[in-house]
Amino acid sequence: MSVDVSERHTTSVAEAPEDFFGEEVLSDRDRYYAAWRESAAVVHLTRNDLWALTRYDAIQFALATPAIFSSTKAVFNDMMNDALRGSALASDPPEHAPLRAVLAKYLSPRVVRSRQSDMETYADELVSSAAAQGSFDAIRLAQAYHQRIIGEMIGMRREIQARVVPWGDSALNVFGPFNQRTFKHLPVAGDLVRWAMQVTPDQLGEGSVGRAVFEAADRGEIPHEACPGLIHQLVAAGIDTAIASLGNLIAHLGDNPAQYAILRAEPGLAGAAFTESLRLESPIHAMGRRVTEDVEVDGIPIPEGAQVALLFAAGNRDPRHYDDPDTFDIRRNPVDHLSFGHGVHTCAGMHLVRHEAEALLAALVRHVPSYSIGERRPKLSNLVSSWGTLTVAV
């Protein structure tokens with residue numbers, strides 16, 4: 001099977017005919033992304049009418065220039081872009097700043113550190129129990145772990161926490177185009193929207209991030225009508241990506257036993273190991289932007305009004321920026337990776353998932369001397385790179 005990338009020399013625009021959201025590309029993402037990246041910094045995906053930015057510098061430029069690369073088309077269908085209008089995910093400066101400030105304040109390193117003990121306790125409980133069984137599914141473990149942590153941070157009741165994993169999966173799938181995968185997930189994604197629109201402060205725990213969103217509105221820091229969108233974003237953007245990140249981390253260490261041995265000898269490298277895992281396997285395939293004026297990227301013209309796709313996973317393996325980019329090396333510590341974004345839309349939850357990962361790795365190193373990956377099955381998603389099944393043999 002070949003990757004078909006042609007170049008129209010008359011306009012210097014590289015084109016690719018594949019369906020960016022199709023099973024063929026999603027099943028072999030790294031190979032397609034590498035071919036597109038080596039073709040050009042900008043590739044027109046004609047099937048989807050997307051202008052894909054494939055190289056590190058091009059993606060970072062777009063992320064740092066919101067006046068030209070607007071988040072008003074952050075996702076890949078008009079219905080969801082309309083629904084997200086005015087949210088932190090789909091807004092630009094200056095409207096974006098107060099919405100972002102609320103999330104950043106209550107997901108800050110200080111707030112996250114205050115919950116570190118709970119993370120460590122729960123991680124140890126889960127990993128010690130799983131290791132004692134001799135084998136376990138790392139994805140189920142990551143789901144149980146993150147569901148409880150994020151559920152408690154948002155202030156959800158336990159019966160609501162039980163719904164967040166399917167909510168997170170569906171919320172990001174419907175950010176894709178109107179394909180079969182999107183239609184399949186619309187009902188569950190709609191259930192999340194209804195809950196976010198109807199939830200009230202008294203239904204969320206005291207001292208929680210969710211309650212704090214409403215309190216910020218009461219103080220006049222944000223409009224009250226912005227609260228449902230922020231609550232929705234905490235679930236939609238913070239569930240499936242975190243589970244994918246944790247699962248990918250376990251997979252990378254299992255596939256590279258020498259790296260796991262280094263980690264066990266030097267547990268202080270846990271943060272660097274997670275950072276390298278995020279670089280090697282971005283949990284988000286891409287996010288969208290709308291071009292507000294004619295612009296050239298690496299000498300390639302993109303017309304005003306076009307939708308671009310920022311291919312984080314392609315940029316993170318750009319050999320122009322990283323040496324030996326396809327190798328997993330926990331000493332690399334690539335803190336400038338693109339998986340958390342860059343600029344005003346840098347992931348607000350990055351401190352939370354980093355602390356989660358470090359607590360999980362500490363428990364893994366403590367209870368699992370070595371392990372290998374058995375059965376694995378990818379989970380094809382419009383936006384997220386993750387495993388559906390990842391069996392760990394201790």
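On a 1 Å grid over the protein atoms alone, a pocket is an open set of points where a 1.4 Å probe fits, with protein on both sides within 12 Å along at least five of seven lines, and a lining residue has an atom within 4 Å of a point. The structure is a predicted model, in which local features need pLDDT of at least 70 and side-chain atom pairs count only at pLDDT 80 or more, while totals for chains, interfaces and linings use all residues. Residues are numbered from 1 along each chain as its sequence is written, and side-chain values use heavy atoms, with hydrogens and water left out.

**Exercise 1.** Describe the second largest pocket by its volume, its central residues and the classes of its lining.

*Solution.* Begin with the volume, taken as the space filled by probe spheres set on grid points that are joined across faces, edges and corners; for this pocket the value is about 330 Å³. Next, take the lining, which has 19 residues, with A83, L84, P228, G229 and H232 nearest the centre. Then assign the elements, where helices (H or I, at least four residues) and strands (E, at least two) are DSSP runs numbered from the N terminus: helix 13 contributes the most, five residues. Finally, sort by class, with Ala, Val, Leu, Ile, Met, Phe, Trp, Tyr, Cys and Pro as nonpolar, Asp, Glu, Lys and Arg as charged, and the others, Gly among them, as polar; the lining then holds 12 nonpolar, five polar and two charged residues.

**Exercise 2.** Carry out the corresponding description for the largest pocket.

*Solution.* The volume of the largest pocket is about 400 Å³. Its lining comprises 22 residues, and D30, E281, S385, S386 and W387 are the closest to the centre. Elements giving two or more residues to this lining include helix 2 (29-39) and strand 12 (386-393), but the largest share, four residues, belongs to helix 14. By class, the lining of the largest pocket has six nonpolar, eight polar and eight charged residues.

**Exercise 3.** Work out which strands stand at the edges of the three-stranded sheet.

*Solution.* The twist from one strand to the next averages 10°. As a check on one pair, strand 6 and strand 12 are joined by three antiparallel bridges, and D137 has T391 of strand 12 as its bridge partner.

Terms used. Two strands pair if DSSP finds at least two bridges between them. Axes are lines fitted to C-alpha atoms, for helices over the stretch in contact, and angles run from 0 to 180 degrees between N-to-C directions.
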